[in-house]
Amino acid sequence: MSAPPATLSAEAAPARPPLLEVADLRVEFDTYGGTVQAVRGVSFSLERGKTLAIVGESGCGKSVTVQSIMGLIPMPPGRITRGIAKIDGQDMLRDQRIDGKDIRGRLVGMIFQDPMTSLNPTMTIGDQIAETLQVHAGHSHRRAFARAVELIDMTRIPEAAKRARQYPFEFSGGMLQRSMIAMSLACEPSVLIADEPTTALDVTIQAQILDLMADLQRDNGMAIVLITHDLGVVARMADDVLVMYAGEVVEHGGVDDVFYRSAHPYTLGLKAAMPSNRTDAAQELTPIDGSPPDLFAPPEGCGYFARCPHAMRACEATHPPAFAIAGGHDARCWLHHADCDRDAAQVYRR
Amino acid sequence: MLMYTLKRLLQGVVTVWFIATATFFAMHAVPGNPLTNEKAVSPKIWAELQKRYGLDKPLLEQYGLYIKNMASGDFGVSYTQQNRQVNDIITEHFKVSATLGILAVVFAAFGGILWGALTAMYRNRAPDIVIVFLVILGISVPGFVFAAFGQLSLVKVNDWLGFTLFPVAGWGTVQHMIVPSMVLGLGTMAFLTRLMRSSMLEIVNSDFVRTARSKGLPMTRIFRKHELRNAILPVITVLGPSIAAITTGGFVVELVFAIPGLGRYFVQAVQQLDYTVIMGTTVFYGAFLVFMVIAVDLLYGMVDPRVRLE
């Protein structure tokens, strides 16, 4: 139950409010086994034209966070118990605008992990792209379809006019993901949420899709929220990074801060577990031992306590607040408390 | 697509030929023949009769003759009904059976899709529980029970109203058709409801429906364009066999509601070993079913682009 991290105001105060602002978001799911606290007070903000990467292992609440601000979690069993999500100053959660056509598909576009199953198999690609324009921009089918062909062309799919009349099963995975991007950008949204956009694709296609996203971002200045567990993708794309663990943000900062001045033991663990091209023994993969805490009954103290090599007594009993490391960089770890004299050499200190 | 259609039609013809052959030999394996019902006649007249109807010839020759006539569209003359061509019986009564059957299929398909979608939308809530209970009833209770109950309730309703809203039996007007076709389609509708329900539940949670929601589409459009069309695919798949179930069930319903369909002739013919009528009705029904199944398969290709063939 701590206050939102200091980062929200730490950055040089912008002239107008950030494009996307999420504060103290809490999401729960009712299941047969009890209530799962999937997201426990997540806050972040995002400026126009910037990319925020959300990283963390499976089940840490990355997808639930963005899906709940998009109103895509099934309710029930899901429940947003607290928090604010504002886009361009409009509250997305409180005004029930989520079901309206103002936000989804128009202000925020979204692409998903598995392009093979994320498109309707009985509808042509062109129609699926055109549909968004028909609904949001009130275009006629003919006009929307013509625009869909342009969008397909923009995502560098050859023979766009012919392709628009084909069905998803006639496309390859990479082309399907391009089509998804074309679809999510149809109404020129100011935010693109990409939920593990490259996880289901092979490596060369991954690079092409990421390049495409970066190019489109440069052209139209949209902000991107990129969910991934691939640190390579983060390094390539992100301006800011949000490291999530057990439904919380454990470290937040600029991409260089998080990578080179990692301030949370979990971030260090993730980096050590990342495969590299080097083959010498020093580059052996070091997995993080143990498993994340049970979110049916989250621990009193730090969620990473059981797996942390630097765990202290305070970590078990008391939940750590977010400590500011530098401007725009903070970590939720007791190692940064002024009274902490523990030597944890790898962890970046102020 | 054209090649595929032609191939399927050819297969259909072979199937019908097989049905005709199997029926022919099964029928002749039954002791006696259509003339055994006649009063005792002298052996000379008996032999004369046998010869006249060609029943004295070897079985294979009779078979060859029959197939030849059938191929030219002639099913022969009834043994038991004087001067009645089997072709006349079929043309006169089949349209009644077909009307009843098609109405029942339409009723079952639309009902099944509607109720199935509804139960999926209200999953585990009151409408779902009530409909699923009725569905179990519909699947487990045999058609003739529904037929009898349907007729009885018609009597009660007409009694209570003081005039005949729906006639209790007979054929001719639209009012005559409604209740029998509903009774006939009920079991299939129940079965299709279950199928549609499970298919719909799967589709509602699918990735592409989530995509459609992320696009900010209105609920009605998601239902119409994304959920319904994908959810009815399994329903269409079983529609072919369902037509068979409905048509065979038709005999009973025709009997209960005194509908002058082909079913009565079929049953009568089997009882009296009326060779030509048995053959005519069986082959005709068989052909009808085979080609309905082909039609359903072609329809499937229209709904699902993935099975469209070149």
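What is the mean pLDDT of chain A, and what percentage of its residues reach 70 or more?

1. Confidence. The mean pLDDT of chain A is 81, and 89% of its residues reach 70 or more; pLDDT is the predictor's confidence in each residue, from 0 to 100. This is a predicted model, in which local features need pLDDT of at least 70 and side-chain atom pairs count only at pLDDT 80 or more, while totals for chains, interfaces and linings use all residues. Residues are numbered from 1 along each chain as its sequence is written, and chains are lettered from A and ligands numbered from 1 in the order in which they are written.

2. Helices (H or I, at least four residues) and strands (E, at least two) are DSSP runs, numbered from the N terminus. Over residues 1-12 of chain A, pLDDT stays under 50, and the model has 24 contacts for them beyond four places in sequence. Two residues are in contact if their C-beta atoms, placed from the backbone, lie within 7 Å.

3. Domains of chain A. The domain assignment gives domain 1 (7-107 + 190-336) and domain 2 (117-188); such bounds come from an automatic or database domain assignment. The centres of domain 1 and domain 2 of chain A, taken over C-alpha atoms, are 29 Å apart. Each domain of chain A puts 14 residues into the contact between them. On the domain 1 side, helix α7 (residues 203-220) of chain A gives the most, with 7 residues. The residues of that side divide into 9 nonpolar, 3 polar and 2 charged. In this count Ala, Val, Leu, Ile, Met, Phe, Trp, Tyr, Cys and Pro are nonpolar, Asp, Glu, Lys and Arg are charged, and the others, Gly among them, are polar.

4. Chain contact. Chain B contributes 20 residues and chain A 23 residues. On the side of chain B that touches chain A, α8 (207-214) and α9 (219-231) of chain B each supply at least two residues. The largest share of that side, 6 residues, comes from α8(B). By class, the side of chain B has 5 nonpolar, 6 polar and 9 charged residues.

5. The 8-stranded sheet. In chain A, an open sheet of 8 strands runs in the order β6-β7-β8-β3-β9-β10-β12-β11, with mixed pairing; two strands pair if DSSP finds at least two bridges between them. β6 (108-111) and β11 (323-326) of chain A stand at the edges with a single partner strand each, so one side of each is left without a neighbour in the sheet. From one strand to the next the twist averages 20°.

6. β7(A) and β8(A) are parallel over 5 bridges, with A:I227 in β8(A) as the bridge partner of A:D195. β3(A) is also joined to β8(A) by 5 bridges, running parallel, and A:A53 stands opposite A:L226 in β8(A). β3(A) and β9(A) pair in the parallel sense over 4 bridges. By contrast, β9(A) and β10 (residues 248-254) of chain A run antiparallel, joined by 6 bridges. In their hairpin, which has 2 residues between the strands, A:A246 takes a positive phi near 50°.

7. Burial. In β9 (residues 240-245) of chain A, 6 of 6 residues are buried, that is, 20 or more other C-beta atoms lie within 10 Å of their own, with C-beta atoms placed from the backbone. A:D240, A:L242 and A:M244 are on one side of β9(A) and A:V241, A:V243 and A:Y245 on the other. β8(A) likewise has 6 of its 6 residues buried. A:A223, A:V225 and A:I227 point one way from β8(A), and A:I224, A:L226 and A:T228 the other way.

8. Helices over the sheet. Helix α2 (residues 62-69) of chain A lies across β3, β7 (191-195), β8 (223-228) and β9 of chain A, at about 145° to β8(A). Axes are lines fitted to C-alpha atoms, for helices over the stretch in contact, and angles run from 0 to 180 degrees between N-to-C directions. Helix α10 (residues 265-272) of chain A lies across β3, β9 and β10 of chain A, at about 100° to β9(A).

9. The 4-stranded sheet. A further open sheet in chain A has 4 strands in the order β2-β1-β4-β5, with antiparallel pairing. β1 (residues 20-31) and β4 (residues 78-87) of chain A are joined by 8 bridges.

Methods. Buried ≥ 20, exposed ≤ 12 C-beta atoms within 10 Å, placed from the backbone.
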